Amino acid sequence: MMFLVTPWCWLCWQDVHVSTGTCHWLRGERISNIKTVAWMISLSDALHNFIDGLAIGASFTVSVMAGFSTSIAIVCEEFPHEMGDFVILLNSGMSIPQAIFFNLLSAMSCYLGLVLGILVGSNFAPNVIFAFAGGMFLYIALADMFPEMSNIMAEQERTTRNVISFFLIQNAGLLTGFSIILLITMFAGQINLG
């Protein structure tokens with residue numbers, strides 16, 4: 001019997017039998033049996049993470065504080081986003097190891113964007129990257145996040161208590177994010193990182 005280490009198996013460091021063509025660590029549903037939505041989510045998330053990396057890289061070329069504030073904003077946005085993507089990958093037929101692998105694989109594109117953002121931001125004006133990334137963030141907020149918040153509220157029983165509690169929870173989350181970025185912006189000159 002021949003054993004071979006395939007590119008799919010670079011994270012697990014296990015030998016793979018040639019006839020299976022997949023890594024033991026990535027066992028689960030065959031790749032061809034996974035719903036198309038999983039691949040759409042993985043590719044769109046890779047593009048989204050690439051643009052996040054561009055914004056972070058360009059921000060660090062402007063100043064260290066701008067880089068850190070952009071990084072904090074992106075981490076606050078990405079954590080719930082990646083959790084949602086993970087659930088969608090699981091619901092589309094992937095096993096937990098497969099969903100983790102493809103979610104991490106799409107997240108790796110952030111590093112490519114970071115390198116390109118640093119190169120472009122230091123050699124050209126980073127404002128083009130900021131405009132592009134800012135437009136993407138506005139699109140996500142207006143076309144994805146706010147409708148989702150409305151759908152969650154619409155699915156609940158319409159009592160006064162539920163409406164008020166959802167309103168308070170959603171606005172507390174939004175205001176917390178706005179406050180963190182506002183404080184970083186206001187006190188950026190007084191924060192000493194080194």
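Which residues form a nonpolar patch on the surface? They are Leu138, Leu142, Met145 and Phe146, and together they have about 390 Å² of accessible area. A patch takes residues with over 30% relative accessible area and no salt bridge, joining like charges within 9 Å and nonpolar side chains (Val, Leu, Ile, Met, Phe, Trp, Tyr) within 5 Å. A salt bridge here is a side-chain nitrogen of Lys or Arg within 4 Å of a carboxyl oxygen of Asp or Glu. The areas come from the Shrake-Rupley method with a 1.4 Å probe, and for residues only the protein chains shown count as cover.

Before going on, a note on the model. It is predicted, so local features need pLDDT of at least 70 and side-chain atom pairs count only at pLDDT 80 or more, while totals for chains, interfaces and linings use all residues. Residues are numbered from 1 along each chain as its sequence is written, and side-chain values use heavy atoms, with hydrogens and water left out.

Now the overall layout. The chain has 6 helices and 2 strands, and from the N terminus the order is β-β-α-α-α-α-α-α. Helices (H or I, at least four residues) and strands (E, at least two) are DSSP runs, numbered from the N terminus. Of the 194 residues in the chain, 30% are buried. Buried means under 20% relative accessible area, exposed means over 50%, and partly exposed is in between, with a 1.4 Å probe and protein chains only.

Leu138, from the patch, lies in helix H5, residues 127–155, and counts as exposed because its relative accessibility is 54%. Ile88 sits in helix H2 and is partly exposed because its value is 33%. Ala99, in helix H3 (residues 96–107), is buried because its value is 0%. Ile88 and Ala99 are 11 residues apart along the chain, with 9.0 Å between their C-alpha atoms. Ala99 and Ala38 are 61 residues apart in sequence, and their C-alpha atoms are 9.0 Å apart in space.

Next, the pockets. A pocket is an open set of points, on a 1 Å grid over the protein atoms alone, where a 1.4 Å probe fits, with protein on both sides within 12 Å along at least five of seven lines; lining residues have an atom within 4 Å of a point. Points are joined across faces, edges and corners, and the volume is the space filled by probe spheres set on them.

The largest pocket has a volume of about 1,800 Å³. It is lined by 49 residues, and Cys76, Glu77, Ile140, Ala141 and Met145 are the closest to its centre. H5 gives the most to this lining, 16 residues. By class, the lining of the largest pocket has 30 nonpolar, 14 polar and 5 charged residues. Ala, Val, Leu, Ile, Met, Phe, Trp, Tyr, Cys and Pro count as nonpolar, Asp, Glu, Lys and Arg as charged, and the others, Gly among them, as polar.

The second largest pocket holds about 320 Å³. Of its 14 lining residues, Ile56, Ile74, Val75, Glu78 and Cys110 are the closest to its centre. H2 supplies the largest share of that lining, 7 residues.
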